[in-house]
Amino acid sequence: MSRRQASSTRRGGSFPFVGAINSKSKSSPILSVCLFLLGAFLLIGYAFRGSGVFGRGREAISNIEGDFSCTLEIQRAIPILKKAYGDSMHKVLHVGPDTCSAVSKLLKEEETEAWGVEPYDIEDADGNCKNLVRKGIVRVADIKFPLPYRPKSFSLVIVSDALDYLSPKYLNKTLPEFARVSADGLVIFAGYPGQQRAKVAELSKFGRPAKMRSSSWWARFFVQTSLEENEAAIKKFEQAAFKNSYKPSCQVFHLNSYH
């Protein structure tokens, strides 16, 4: 791409407008320079388009959003989660935007079965994601309604980003549903207050901007929904994180399943 830009500059390097400088008309050189610059910009724009930079505008927004994605954080946290939950990591359900990436990462772990629920459309998903959907490993489902799984279908349910886009009205129904389908625990990755996301991507895909809530807000909400913190898992997670110098960029909550 940079080579094409350079070639366009060389083509104008002889500056064919030198003769115009000696012209009786003072405006002619200025007009010529403007036309030259316009042509150069058009050539550079064409080079960028040919290399796919403009065509990837939508993807670029997604990458910006990914900088603050708790789903990406899960991929970093998998070794810590395995130490904290041990055998409970053998059958995992991930729920959240871009679940295909999290599921793909989990499936690479030894003795780990993984499934996913994508709350939003996947029209722009890559071939790997659509393949996971065809196999039934990933489902596209509105999480404001009951999940299509039996109680305790999974040993562990991991949720990222999805809850940040739900109002308390829907959280009251959705969070207990996650706990219902888990047997050994529920792990929630949520954004910190003050974190910003790509607003354009949010509004086009999620319909509303994310609501970053404080840990105290979540603690009160867990009590309201009769969900208790998994103190044993919290301790193991913190110990493993300290030992591996891991500091999550998202809030991480460990909850017990309903018994």
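Helix α8 comprises 13 residues (residues 168–180), which at 1.5 Å a residue should span 18 Å. The model is a predicted one. The buried residues of α8 are L171, T174, L175, P176, E177, F178 and A179. Their cover includes the strands β1 (91–95), β4 and β5, together with helix α10 (215–224).

The largest nonpolar core holds 28 residues. Within this core, L81, Y85, I158 and F189 touch the most other members. Two or more core residues come from each of α5 (70–85), α6 (99–107), α7 (127–134), β4 (154–160), β5 (182–190) and α11 (231–243). Helix α5 gives the largest share, 8 residues. The contacts of I158 were examined beyond its neighbours within four places in sequence. I158 is in contact with I74, L81, V92, L93, H94, V95, V187 and F189. A second core is separate and has 27 residues, among them V159, L163, A190 and L255.

The second largest pocket has a volume of about 210 Å³. Its lining consists of 14 residues. Nearest the centre of this pocket lie F237, E238, V252, F253 and H254. Helix α11 and strand β6 (251–255) each supply at least two lining residues. By class, the lining has 9 nonpolar, 3 polar and 2 charged residues.

Note on methods:
Residues are numbered from 1 along each chain as its sequence is written. This is a predicted model: local features need pLDDT of at least 70, side-chain atom pairs count only at pLDDT 80 or more; totals for chains, interfaces and linings use all residues. Side-chain values use heavy atoms; hydrogens and water are left out. A nonpolar core is a set of buried Ala, Val, Leu, Ile, Met, Phe, Trp, Tyr and Cys residues joined through side-chain atoms within 4.5 Å. Buried means under 20% relative accessible area, exposed over 50%, partly exposed in between (1.4 Å probe, protein chains only). Helices (H or I, at least four residues) and strands (E, at least two) are DSSP runs, numbered from the N terminus. Contact means heavy atoms within 4.5 Å. On a 1 Å grid over the protein atoms alone, a cavity is a set of points where a 1.4 Å probe fits but cannot get out, and a pocket is an open set with protein on both sides within 12 Å along at least five of seven lines; lining residues have an atom within 4 Å of a point. Grid points are joined across faces, edges and corners, and a volume is the space filled by probe spheres set on the points. Ala, Val, Leu, Ile, Met, Phe, Trp, Tyr, Cys and Pro count as nonpolar, Asp, Glu, Lys and Arg as charged, and the others, Gly among them, as polar. The expected span of a helix is 1.5 Å times one less than its number of residues.
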